[in-house]
Amino acid sequence: MTRAKDRSITLGNVIQMVSATDSSTRTRSSSSYGTLTLNASITPKNSSSKIICMFSGVIEVSSGGRANLCLSRAISGGATTEVNGGSSLTREQDTSDTNVGTQFIFVDSPSTTSATTYTLHGKTENGNQLSLIGDGGISTLTLLEVLAWS
C-alpha cells in the first residue's frame, strides 16, 4: 500500500462515490448509439484519479437482435465522447422479447477536476427496439473515484 504525500490518504482508496438509479422503462430503436437517459455526475478531487463506472440493469430487444451498451462522457457540459472508443461495454445475444439482466464495469481516466457526466447509451445491431426495463426493476449507474498517482 502506498501513501500519498500528505500521508492522510492512501493511493488506491475510494475517495468518492456517486450513484444514480432509474426505475422507468427507456426505449431506443436504432443501430447507432444513443442515450438511454440514465446518467451520473462526479467531480473528481484529483486529476490523476481513476473513475470506476459500474452499471447494472435489465434489458430486452423486441423481435430479436443483439443489444449493445456503452457510456458517454461529458466534462463540464462540453462535448460528449463515447468511452472505450465507442466499443460496446456489454453485448447481449438475442434476447427475443425476454428480460435479461446485464452489467458492466469500466475504468476511466478523465484527467480532470471538473464535473464529469457519464450517460448510458444503447443500440441494437438490427435497429429493433432496445428497452431498459423499469416496471419494478431498477437500473443503477455507480461511479467511484479512486486515488491514483499523478
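**Charged pairs, fold and core**

I begin with Arg26, which counts as partly exposed at 26% relative accessibility; partly exposed lies between buried, under 20% relative accessible area, and exposed, over 50%, with a 1.4 Å probe and protein chains only. What you see is a predicted model, in which local features need pLDDT of at least 70 and side-chain atom pairs count only at pLDDT 80 or more, while totals for chains, interfaces and linings use all residues. Residues are numbered from 1 along each chain as its sequence is written, and side-chain values use heavy atoms, with hydrogens and water left out.

Arg26 forms a salt bridge with Asp22, with the closest N and O atoms 2.8 Å apart; the term requires a side-chain nitrogen of Lys or Arg within 4 Å of a carboxyl oxygen of Asp or Glu. Asp22 counts as buried, at 8% relative accessibility.

How many salt bridges does the structure hold? There are three. In another of them, Asp108 pairs with Arg73, the closest N and O atoms being 2.6 Å apart. This pair links distant parts of the chain, since Asp108 lies in strand 8 and Arg73 in strand 5, 35 residues apart. Asp108 is buried at 7% relative accessibility, and Arg73 is buried at 17%. Glu125 forms a salt bridge with Arg66, and here the closest N and O atoms are 3.5 Å apart.

I turn to the fold. The protein has zero helices and eleven strands; helices (H or I, at least four residues) and strands (E, at least two) are DSSP runs, numbered from the N terminus. Of its 150 residues, 44% count as buried.

Next, the core. The largest nonpolar core has 23 residues, and Phe55, Leu69 and Tyr118 are among those with the most contacts inside it. Such a core is a set of buried Ala, Val, Leu, Ile, Met, Phe, Trp, Tyr and Cys residues joined through side-chain atoms within 4.5 Å. Strand 4 gives the largest share, five residues.

Finally, is Ile105 buried or exposed? Ile105, in strand 8, is exposed, with a relative accessible area of 62%. Beyond its neighbours within four places in sequence, Ile105 contacts Ile52, Cys53 and Met54.

Notes:
Contact = heavy atoms within 4.5 Å.
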